[in-house]
Each structure stands twice: as C-alpha cells, then as structure tokens.
Amino acid sequence: MFLIQRRSLLLAAGLSALLAAPLMAQAQSDTLRVGSKIDTEGKLLGNIIVLALQAQGVKVDNRVALGNTKVVRTALVAGEIDIYPEYTGNGAFMLGDESNKAWKDLRAGYELVKKMDFERNKIVWLEPANANNTWAIAVRKDVATANQLRTLDDLAKFAAGPGPLKLAASAEFMERPDGMPAFTAAYNLKLRADQTLVLAGGDTAATIRAAAEKTSGVNAAMAYGTDGPVAALGLVIMQDPKGAQPVYAPAPVIREEALKRFPVVASTLAPIFKSLDAETLQQLNARIQLEGVDARKVAGDYLRSKGFLK
Amino acid sequence: MIEFQNIGKSYGGVRAVEGLNLHIELGELVVLIGPSGSGKSTALKMINRMVDHDQGRILFEGREIYSFDVRDLRRRMGYAIQSVGLFPHWTVERNIATVPHLLGWSKESISQRVTELLTLFDMAPELFRQRYPHQLSGGQQQRVGVARALAADPAVLLMDEPFGALDPVTRTALQLELKRVHQTSGKTIVLVTHDIDEALLLADRIVLMNQGQIVQVATPLELLSSPASDFVLDFVGRSDLGIKLLSLKAVEPLIRQTPAPPGSPTLAQTASLREAVAILAAQGSGVLSVLNAQQQPVGSLHASDILASHAHVRA
Amino acid sequence: MRLKVHPVLAVCALLGLGAAWLLPLLRVAPNRLMSGEPVYLASVLPGWGWSLVLPVFALLIQPSSTGGTFNKQPPNAISSQLRVAALPLLIALGLASLFWLAATHAQQVAQTQSSLTRTSLGAGFWCLVALAWLMSLDAVQRLSASSAARSGVLALVAAPTLLLLAIGVGKDLSLLKEYVNREEVFWLALWRHLQIVATAIVPSILLGLPLAWACTRRSGLHQWLFPLLNIVQTVPSIALFGLLMAPLAWLALQFPRLSQAGFSGVGLAPAVLALVLYSLLPIVRSGLAGLEQVPVAAKTAALAMGMSERQIFWQVQLPLALPVLLPGLRAAVVQTIGLTAVTALVGAGGLGSLMFDGLFSAANDLVLLGVLPIVLLAMLADALFKAMIAWVQPIGFSDADASATPLAQVSGRIR
C-alpha cells in the first residue's frame, strides 16, 4: 500500500513538472531575465528593455511586473533575475548612505550608486535617463487655490493649522526614510494618523484618484515627478524648493556576470534611456494610465517612433 | 473433495475452532449448524482462506490449500453471503460475470452463461440482465448473488447464512430453489445456517457444532432419530421432534391402493407426512385422498398408518 | 381577472425595478481613472420603451409552475411547458436590450466627447444581470427536461447579448476598450490561468486519493492528517504564497538543476505548491468519505471472488466512491480557479495579473476584465462537474423504478 503512495507521489511530481515545463522558462545561460517593479513606469521601462534587447537578438525571459522594490531588488541580488530598471535615488536607501549630499544631484548620485553597488554586489548601473521621478505630494487644485498652497512649506503650515488635509499614500512612501520622513525633516510636515490613508501597492494612480474623488475625505496624494495623470485629474504638485528628496533618475541595473554574457546590453540601452526625459516619461505614463493602453504596446510604439526598433 | 484435518484457530487466546476433522464428499450438500460462537462461519471461511487456520491442514481436491495462490483458490470456489454484496454500480449481467471476467472468458461465453443462470433461477434473462441491484427485490438480489457465485462453474459453492435476511416466504422459496439447483447440477455445497429447519430441508449431511468443536455429523434422519447427546436433542427441538421427523418422510410408502371415501380432503402425491398430518388435523378427517400430478386419485392415506409407522421414534 | 403572482419571481422583479430606477445603468468618466457621473436607465430609455415596462413586469411575475393550487392543468401539459420556457426567452431579450441601450449611449458619448472619456457599466446593470440570472435559474428548474437540456436553455439566456457583442455592439464601453487595449495579454493570461489550475489539480488528485485510501487502512493516520490539512486551509493564501517564497528560493539556490528547470522562489513553484496544499483537504476528505461509504458486503464479496487489492480498488471502491468524491473535487477545482487569481502576486501570471494591474492602477474596468472570466470559468467548471456527477449516479435512481413495489417491477414468473 505504501508502494502505491510513494509511486503516486513520484507520479505527481513528475506530472506536474511535465505540465509546468512549458510554463517555466528555460533559465539557461543563453537567456537574459528581465524584471521590473509593478508600477506603471516600472512596466514601461521594463518592456522597453525587453523589446530593445529582443530586437538585438538577445533571448529574453520576460519577468516584468515582478513585485515591489524589495522583491525585485532581492531577486536581482539573489540571481533570480539579471536586469531591471531602478532609480538612482534608491541607492541612498539600499546602500545605506542617505546623508550624502551627492544624492541631490543627478550625475553625482548616479556615479555614487554606480561605484558603491559595483564594489559591494558586482551590480552594474547603466546610463540613466535625464528625468527625476522623485516622490512628490500633489494637492487638489481647488484646495490649493483656496488656501494658496504652492510649496511644501505652505502645506506643512496648512497641515498643522486649520486643515483639513488628508493624504493618500503607499506604505512604502510613509515608511522609507527618503519618503515622507524626508519631507518631515525638511519642512516640518507632520501628519497625524487621521490625516493619512495608507493604500496597498505603490502605484500613484490609486492615490491620485482618491484625491480627485475625495474618497474618505482625501484631498492630497502621493505622486511621482513623471506621473501622467496628475494635471488631468485636477491636482497640482507641491514644489520642493529645499530639495528634500534625492534625485531619482531611472537607469537599468544589471548583474556583472550577465553583462559579460550580453555585452550588447549597455550600448543598446544607453541611447534609449538618454532619450527619456521627464516630459517624454510623463506622456508615456499618461498613455498607459489615462488611455489604458498596455505598457508593452506603449513601449513598442515609442521605440519605433524614435527609430530604435524597426 | 474438501478435508479438514485437525483444524484449529484462535483469535487472541480464544479458541474459535478446535480439533476439527471433517470430510466433505464430491456432490454433497453439507450444512454447518450450531448456536452463535460455535465456529461454523469460521470453519466455512477457512475453506476459501477468508480466515487462515492456525493448526492442521485443509485439503481441497487433494491439495493443501496453502499451496494454492489464494486468488486462484477463491476463483475456484463460489461464495454467497447474507448481505449478498452485489456491486451496485454494475448491472445484473456484469455482476454475475465477475469471475468469468477475471478468468478471461470470451464475451459470448459470458453472455451465454448469464442467460443460463438467470433461466436456472427462473428470472427472465432479457428482463433482468440490464437491471441494477437497487431495482431488484431482496429475494431477486440473493438469487443473483448465488448465480454470481455459480457463474464460473466452481468446484464448490460456499454459503454463509445466505437466506437469513429474507422474509419467511422468500426464504422458503429460495431454499427449495437451492435444493433443485443442487439436484440438477450435482455441485458440492457447504452451507452455514442457524436455522434447523433449513438444515433438515437441504442437507445431505448435517454437521452440528458447539464452541468450536463438532458435536455430531449425521444425515437429517439420523440426527433426529438418534441424537448423540442432550445438547443435540435440545438443539433440534426436543418438543416437536416428532413433527420434524414427519417432514422428512414422504407420503409415497404409506399410500393404500384402496380409494378414499368421497368428500375426503386431498393431498399431492409428492407431499411430506407433515403436510398430511396438518390437513388431517385441520379437516378433522381420518383419511386423505392422494392425487397425482394430473389431479387424479391414486389411493388413500390413513391417519392410523401414519401413527403406526412412527411408533418406534424415541420421545 | 385575478392576477396570479409567483413569490420568488415577484421579489426578483421588484428588486430589478428598484435597481433599474435607483442605481445607475452607466457611469461616464472624463478618463479611465475617475469613477464618473451616473447615467440612469430612465434617461436612456426611448419614449416608446416606457410603454413596455408594465406588461413586461406583469409577464415576469407570472407563476409558470404547474400543478398545485395555481393550475388545474396536468404537470406536463405543452402549454405550461411553453409558459415556463417563455420566461427565459423574455429575460434573454431583456438583457440584450439593456446591453444595446448601454452600448448605444456609450457610442454617443464616444462620438461627442474627448477620446479619453470612458463609459462604464454601472451597478444598476450588474444588479439586473444578477437578478436576470436568478430568475432564469428558477424558471429553468421547473422545466421537466434532462439536466443537459436545462443547462442549454440557461446558456441560451446569454446568447442574444453575446451575439450583439460578437457583431461589435458595445465596443465603446470601457470594459471592451480595456479588452481591446490588451487583447493578446488577455488570452495569454487566460491560457496561463488554466495551465496553473491544471498543474495544481492533477498532483492534488494523485496525492490526495492515495492519502484517502491510506486513511481507510490505518486509523491513526486520519487523526493527525486532517488537523494538519485544516490548519493549512486556514492560512490566508497570500501569506502562504509569501511564506513559500523563501524556502523555495533557498532550494533553488542549493540545487542548481532545479533552478535551471525553472524552479524558483517566485512564479509557478510557490503558486502550484500552495494550490496543491489547499486542494488536498477537500479531495482527501471527500475521497475518504466516498471510500468509507462503499458497502462492506461488496468489498467482502469482491475479495472472496478472487479479486486482487488493486482490482478491488479500481473496479469496486473507486467507482462507488465517485458520487461522493466528485463533489469534493468540484469544490477543489472551483476553489483553485479562484485562488489562482492571487498567484499573480508571486509572479505566476494568469487572470489575476490583469486584476491586480487594474487594482494598482485604479482602473476598475481592468479589474473586471480579470475577474469576470474567473467567475465564468468557475461557473463552467461547476456545470461540468454537475454533469459528471449526474452521469456517475447509479442509473435509475431518479426513476420511478426505485420507488415502485417489487410486485410492480416484475412481470415474469417470480413473485
């Protein structure tokens, strides 16, 4: 009787491996595994990388939209994926050097994270885009106009004073030292528990929408510098004159050994990322979020329009 | 055909069967009978190894049963039980065909055999073969059960209280049918029952057991006329011993050639003395007119003759 | 004339009326992310449409049941059958008209407003669809046809609407725009979803059935197996997927062969493993119950007739256990179809990825695009299993035969 059990266990394992085989990609050494974060821009940049490299004849395993920052970074370090688009500013937090002033400058920050990550983890940071996708706080236009809110200074006073202010944000934003805490430090912007609404997931579309529709009394939203729908949904971004936030320039990060296997990656992606400035990113993001076009299609159309793809 | 040589079996210290010696002849209908716990079912189950004996040897057709492959042994024996055990998801035909199927018979031979058996048990084949067990009455189910046991033409038919769960009318009918089947087929049958009347009706020889041991082995007539002990006497029914004996005797030998007076109650020629006495008592008459199969009188039966023939029976 | 009213249908029809009046049929939003302004049925219904409302309502609430105090006609009379069939037909036409109205309005909006404007089907529409489904189910139960025919009639209720969909009506609705925007992704996700379900269910059966059989042989086993499976069942799915990621990633690192085969901490491996664990409980439980209700007499007889243990299992125990096993399997499959949606969070793909995509990007219709197929798949699986279960029921159990007296059954010479 036990024989039957053992046999069917083997059979079960074998069968599921057989069924699953077509699903599991061959993680052999001739494939490049491309991951990305799960938010809009992550999917956009991830698909850009996938399509650009496929056009160069590289065999790509598409793992775009894998998970949040932590999941994707862990996967890269552990060797489960080979390349994904990251932000230079994130280096401050990931590599533990937050106080360094270099982060406030795009180029300096990029050089710093490139040096540190290569030394520590043998991870290579390729050429960045010239855009700052920093965290920002956007407020409803009517609230901003009525209370003359233009900068984060104004917002801090407004929050402490009459209010009412309610911010919709992700858990990551509220907890990471370079998120809300950075604003608090620079502008003394303190929000009580009842002044925040924490949402799951890092996509700002949900927070922006909450503010636009006044869901649960929300009138301010976490947003990104390159977000598409901010203006379209009647919000205005609070300016950051003190530069509380580090610069977040998107750049592909790749494991050194993967780069050795596919040297064509660096030269292919460099011009593409250079062409992505803040305005372009905003437009592409808007296409995905407002028009609802699939990220892969938007990436493909963009690459074709710029001649990177035939 | 089947031989028990000094068979013993214990269940955790309790002796269920002890020192059992029995020889079953080819073509015999042997009934194992006894009170609860007498070991009769255990003895039966030892034949097809549903229970394995601890001591002694059982020989089947001259060979020790442990030398057979157990499945092979069982396929050569029919087995019918009280709860029938028909397979609810199979038709009557497929149920009956179980062992032939296991043995690899051809479709045609199976079909033929099923027709044969259903006819043997007076069940119209075309009506019953596609039915399912839950569409049959209790009596029909047990008939199919016995037919299934007989399907592969086994050397011996083992039956464990097969009619115990049926109503008295159906039970009697099936007992008579079994007797008929035994007479026409000449099969060796070993039957376990606790009903003495069933044993007296069916058996060629009765094996009376008590507490794991054989008390007496005898034909029904011998058992009733010379019981070996008080236990036997009590078991067969001390008080109506005489009536039971009457049911074993036929009317035939006591028929006088002289016709009965007109208006006398009638009796079939094939009846037993017990039926004769019952009619005589009920009608308050002293003479019966005996009729043959064509309903014509062939003679008379007198109450005085019956009583005289019985005089030597021990009370 | 006295108006005869069927209570269930009347309640549904009244609720339907309420939903149609009070809940928005559509919502028109300036872009994909906003919820939009409500549009009620009342404003979309053409003038002549109003005159149909009362007669339709009256027809809907008519009892079409037969016999009893309502009807003097015998149960299977043709006219009462027709009346029963008329209700689903009416509902089918009603659904199609509703859809057509919504689609037309969406078309108007698309032609007059900016290209970013989105028209979504509103709460009113979905409530009416749900109520229509309930009413059809009720009506179909009373048709005295085989269960296959009844399922056919039920499917036909959706037919006119699907036909409209097929010829392109409704392409301006937000839901369909989402579909068009990611058509390839949708079909890939659907196929992937089915693959995940199959990859999880097959091992569950191969593991679960022997476990159930083992439980019948050793009483000790069942005492710790079931509490264990119960505990697994209570672990929230997302947590289980998350918990499995780390050990599986470690395994993949330790055995490079595994990771070459695609085994890793994310993706299919944690998903399938967790799904198998979740499916085990219903399968083992119903397998055990099924095996236990196999009549002992049948097993004894089988053994005594010389069948081997394996023959007894396959020919006697399993077929007799099926009527109890299959409902458990059906529960496992339906549950797995639903849970597979969550596997998208560990990177396994499937329809759940569309759903989460929509959730995170605040696009409700994208969420629906992921969820509706899952619901339909579950309903389809359920119907398939229902058919299978009916098929393995012993023939004649539902017939009059089983209740007839033995005397009535037999026409031969036996009593």
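Let me start with confidence: chain A has a mean pLDDT of 85, and 90% of its residues reach 70 or more, pLDDT being the predictor's confidence in each residue, from 0 to 100. Over residues 22-27 of chain A, however, the pLDDT is below 50, although this stretch has 15 contacts in the model beyond near neighbours in sequence; two residues are in contact if their C-beta atoms, placed from the backbone, lie within 7 Å. Where pLDDT is low, the predicted coordinates should not be read in detail.

Some conventions before I go on. This is a predicted model, in which local features need pLDDT of at least 70 and side-chain atom pairs count only at pLDDT 80 or more, while totals for chains, interfaces and linings use all residues. Residues are numbered from 1 along each chain as its sequence is written, and chains are lettered from A and ligands numbered from 1 in the order in which they are written.

At the level of chains, two pairs are in contact, and of these chains A and C share the most contacts. Chain A and chain B do not touch, their nearest C-alpha atoms being 18 Å apart.

Within chain A there is a division into domain 1 (28-132 + 247-305) and domain 2 (135-237), with bounds that come from an automatic or database domain assignment. The C-alpha centres of these two domains of chain A lie 27 Å apart, and 18 residues of domain 1 of chain A are in contact with 13 residues of domain 2 of chain A. Which helix gives the most to the side of domain 1 of chain A that touches domain 2 of chain A? That is α14(A), with six residues, while α2, α4 (90-94) and α14 (278-289) of chain A each supply at least two; helices here are DSSP runs of H or I with at least four residues, strands are runs of E with at least two, and both are numbered from the N terminus. By class, this side of domain 1 of chain A has seven nonpolar, eight polar and three charged residues, where Ala, Val, Leu, Ile, Met, Phe, Trp, Tyr, Cys and Pro count as nonpolar, Asp, Glu, Lys and Arg as charged, and the others, Gly among them, as polar.

A residue is buried if 20 or more other C-beta atoms lie within 10 Å of its own, exposed if 12 or fewer, and partly exposed in between, with C-beta atoms placed from the backbone.

Chain B is divided into domain 1 (2-237) and domain 2 (244-310), whose C-alpha centres lie 35 Å apart. Their contact takes seven residues from domain 1 of chain B and four residues from domain 2 of chain B. On the domain 1 side, the largest share, four residues, comes from helix α10 (residues 220-225) of chain B, and by class that side has five nonpolar, two polar and no charged residues.

In chain B an open sheet of four strands has the order β2-β1-β4-β5, with antiparallel pairing; strands pair if DSSP finds at least two bridges between them. β2 (14-24) and β5 (63-64) of chain B stand at the edges, each with a single partner strand, so one side of each is left without a neighbour in the sheet. Five bridges join β1 (residues 2-11) of chain B to β4 (residues 55-60) of chain B, and B:Q5 stands opposite B:R57 in β4(B).

How many residues of strand β7 (residues 156-160) of chain B are buried? Five of its five are, with B:V156, B:L158 and B:D160 on one side and B:L157 and B:M159 on the other. β7(B) pairs in the parallel sense over five bridges with β6 (residues 77-81) of chain B, and likewise over five parallel bridges with β8 (residues 188-193) of chain B. B:A80 stands opposite B:M159 in β7(B), and the bridge partner of B:V156 in β8(B) is B:T188.
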